[in-house]
Amino acid sequence: VQLQAYGGGLVQPGGSLRLSCVVSGSIFSLNVMGWYRQAPGKQRELVAAVIGGGTTTYAESVKGRFTISRDNTKNTVYLQMSSLKPEDTAVYYCNAILRPIITSPARPYWGQGTQVTVSS
């Protein structure tokens, strides 16, 4: 199983970015997909997550500014980030909780991380 993230970069405050993450490999069931972030000197934190049925959850700090979505036909999760602030600067990691084969329990898998820098 591999998770490949795309879309990080440098953006000015108030700007927007869209992150994508594609899950590939052996996938029996893909339960939860989400994004975490880790800023320098801080712990990794959940940004947003979406389950298979479409229910979403967000960190309070990003509610109203970020939107998570998933395309189950492409095993892809997106994070649309708007009204970005300097405090959103971090390495963003995609995460998926999945079962690779029918006899395996669900467990988390991680992408490689993509840098998002919000600065003027």
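How many bridges join strand β3 to strand β8? In this predicted model, six bridges link β3, which spans residues 17-24, with β8, which spans residues 76-81, and the two strands run antiparallel. Within this pairing, Arg18 has Gln80 of β8 as its bridge partner.

The β3 and β8 pair belongs to an open sheet of four strands, arranged in the order β1-β3-β8-β7 with antiparallel pairing. Because β1 (2-6) and β7 each have a single partner strand, they stand at the edges, and one side of each is left without a neighbour in the sheet. From one strand to the next, the twist averages 15°. As a reminder for following these pairings in the structure above, strands of a sheet pair through backbone hydrogen bonds, either parallel or antiparallel.

Strand β4 (residues 29-38) is joined to strand β5 (residues 45-51) by six bridges in the antiparallel sense. Here Tyr36 is found opposite Leu46 of β5. The hairpin made by β4 and β5 has six residues between the strands, and Gly41 in this hairpin adopts a positive phi near 80°. Strand β5 also pairs with strand β6 (residues 56-58), again in the antiparallel sense, through three bridges. In this pairing, Ala49 faces Thr57 of β6. Four residues lie between the strands in the hairpin of β5 and β6, where Gly54 has a positive phi near 105°.

Attention now turns to Arg70, a residue of strand β7 (residues 66-71). Is the side chain of this arginine buried or exposed? Arg70 is buried, yet it has no salt bridge. The nearest side chain of opposite charge is that of Asp71, 8.2 Å away, and a salt bridge would require a side-chain nitrogen within 4 Å of a carboxyl oxygen.

What, then, lies beside the polar atoms of the Arg70 side chain? One polar atom of this side chain is 3.1 Å from the backbone oxygen of Leu30. The backbone oxygen of Val50 likewise lies 3.2 Å from a polar atom of the Arg70 side chain. Leaving aside residues up to four places away in sequence, Arg70 touches Leu30, Asn31, Val32 and Met33, together with Val50, Ile51 and Gly52. Thr76 and Val77 complete this list of contacts; both positions lie within the range of β8.

Notes. Residues are numbered from 1 along each chain as its sequence is written. This is a predicted model: local features need pLDDT of at least 70, side-chain atom pairs count only at pLDDT 80 or more; totals for chains, interfaces and linings use all residues. Side-chain values use heavy atoms; hydrogens and water are left out. Buried means under 20% relative accessible area, exposed over 50%, partly exposed in between (1.4 Å probe, protein chains only). Lys and Arg count as positive and Asp and Glu as negative; His and the chain ends are not counted. A polar contact is a pair of N or O atoms within 3.5 Å; within protein, one must be able to donate a hydrogen and the other to accept it, and residues adjacent in sequence count only if both atoms are side-chain atoms. Contact means heavy atoms within 4.5 Å. Two strands pair if DSSP finds at least two bridges between them. Axes are lines fitted to C-alpha atoms, for helices over the stretch in contact, and angles run from 0 to 180 degrees between N-to-C directions.
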